[in-house]
Amino acid sequence: MQFLERILNWGGTRRDIAFLVVSGLALLSSMFHLLPLPFDAAWIAVILCGIPIVLEAVVGLVTALDIKADVLVSMALLASLAIGENFAAGEVAFIMQLGALLEDLTVAKARSGIEKLIHLTPRTARKVEGKSETVIPAQQVHVGDVLRVLPGETVPVDGVILCGQTSINQAVMTGESLPVDKGPGDSVSSGTVNQFGSFDMTAVRVGEDSSIQRMIRLVQSTDAGKAKIVGIADRWATWIVAIALAAAILTGIVTQEPIRAVTILVVFCPCALVLATPTAIMAAIGNATKYGFLVREGDALERLATVSCIAFDKTGTLTRGDLQVTAVKSFHPHMSDSMLYTQAACAEQRSEHPLGKAVVRCHGEEVGISLPPADAFRMLPGRGVEAKTRTHVILVGSQTLFEESGIAILPQAKTAMEQYLHDGCTLILVAIDGSFCGFLALSDTLRADARETIAEIKRTGVVPILLTGDQENAARHMASLLNIREVHSGCLPEDKLRLMDAYQNHSQNVCMIGDGINDAPALKKAHVGIAMGGIGSDIAVDAADIVLVNDEICRLPHLLLLARRMMFTIRCNLTFSMALNFVAIILAITGVLNPVVGALVHNAGSVLVIVNSAFLLFRSTS
């Protein structure tokens, strides 16, 4: 058996294509006697295409008692050869191998997402002992060790900050668009990135218990647990084989004509049945490609046709994924909103904090005037910045900084601030020469086509769901703008995975759409995973079944409707192929068809199936 398996596994797609080309030419030569060969040219097709089918049938029967469509094909092939119908045997083998090749071409290559995720694991850590600092392998960190993390470095293990102020990019774990300010007593997770400012931390969870390692295990386990759809011909193979054998034996006994029995086996071969699914899938994949989708799993569209819910990650999927200044409010009687905006951007010019950088960038895009120079810049880690110009001292930062500095916030400003905070915005307060002047509100912004996309998805009967690592206020605000009722906020990777299980345990097939590393486990666990290809991480793309290459989410409704149309086409193909088989069987029993004519009838049926599937290539759902 091992020898046979090695033969079956030898070669690849190029070999299969070459064998099919040579076999096709050989069958034409056999039919029209084109080449003066000392043997029937159909034997070339039998050897190149038929032997692999027979070997696979033998391996399946002997090693696993697995009856598939290739068992019936092997019987028909051998029976045809036994009565000298070489062309019929070669034609059946050729059609079946063509169907197998089309099916193989719809299956993606092995993915490398887990390897890339493993590469994110920090390799080293800075261990602090007394006044000395030593770089050690991250695997050698023990619980209770004191570690130091410098600006731009990845946090090596889970822990708690002892001293220092910083801002942590937690997108790898939560997908949050906003960095999170951290100080003494706050927890940090392995794999997250220290934006600026060094800090010391105590190791709490190390090695296999760390957050990044838990995510790796989640991705591995969900990938192993996802079942593949079994081909319709293989699911019905046992019944097809039993009916074909019974019909052939009874016909042979009653008529005493072996050729009729062989003809039944030939016409009962599920050629069109085998082609019904892969041809439709390949045509639908071609259509999806024109709309910017890369289908990486052959059965992804089959699964997509059955989804009842679509779970969206927020940041980078429904939103632009970068911070924008959404409001500027001045409460100084002699200072306009534009003037306040310029003063804040002037103070933030040298800031390394993501919020400060966003203010300067947005000011340049929206206002477009050059900023006056700021002197004596001072960073206040975790709280804000202070800068001096020729005429003013500007303080920009959090509400905590203003309370510490004794700067009073006007009551009417507090009322306005509460509304923006309720909408999930991050606020930057501005004071000039010790007096409160106003604030800036920053948030992620919706994609221009997000609202219409959600509305179109609802019209298809699929329920949209919002899953995000953001705080509840930000999530609820975005959901209200999009008219999404089901919202889950504050989700870590394991939370998203748990929600996938919960929905699917209640017989709801869920499609997950995301772009971040933190979405990878859910993308693999979901019935179908779709990743944003433009802004999405490599790991999210590798975890997904389908990739939206250009990030145009407005194409999603087309993909949903295309998947459903594909399944309708497959059902039509299956119905036609089964009807053709039974009609051909009746004609074979009555002696109207011989093996060669029966094989040609199968050819015609297979061609019609392919033509019907090809219409999917040009179908538009708009």
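How many disulfides does the structure hold? I looked for disulfides (a pair of cysteine sulfur atoms within 2.5 Å) and the structure holds zero.

I note that this is a predicted model, where local features need pLDDT of at least 70, side-chain atom pairs count only at pLDDT 80 or more, and totals for chains, interfaces and linings use all residues. Residues are numbered from 1 along each chain as its sequence is written, and side-chain values use heavy atoms, with hydrogens and water left out.

Cysteines. Cys49 has 1% relative accessibility, so Cys49 counts as buried. Cys511, at 0%, is also buried.

Aromatic rings. I found four aromatic pairs (rings of Phe, Tyr and Trp, the last by its six-membered ring, with centres within 6.5 Å; planes under 30 degrees apart are stacked, over 60 edge-to-face, the rest tilted). One of them joins Tyr420 and Phe439 edge-to-face, at 5.7 Å centre to centre and 70° between the planes. Tyr420 is in helix α18 (residues 411-422) and Phe439 in strand β17 (residues 435-446), so this pair ties together parts 19 residues apart in sequence. Helices (H or I, at least four residues) and strands (E, at least two) are DSSP runs, numbered from the N terminus. Phe439 is buried at 0% relative accessibility. Ring pairs link Phe331, Phe402, Tyr420, Phe436 and Phe439 into a cluster.

Ile465. I placed Ile465 in strand β18 (residues 463-467). Ile465 is buried, at 0% relative accessibility. Its C-alpha atom is 6.0 Å from that of Ile310, 155 residues apart along the chain.

Key:
Buried means under 20% relative accessible area, exposed over 50%, partly exposed in between (1.4 Å probe, protein chains only).
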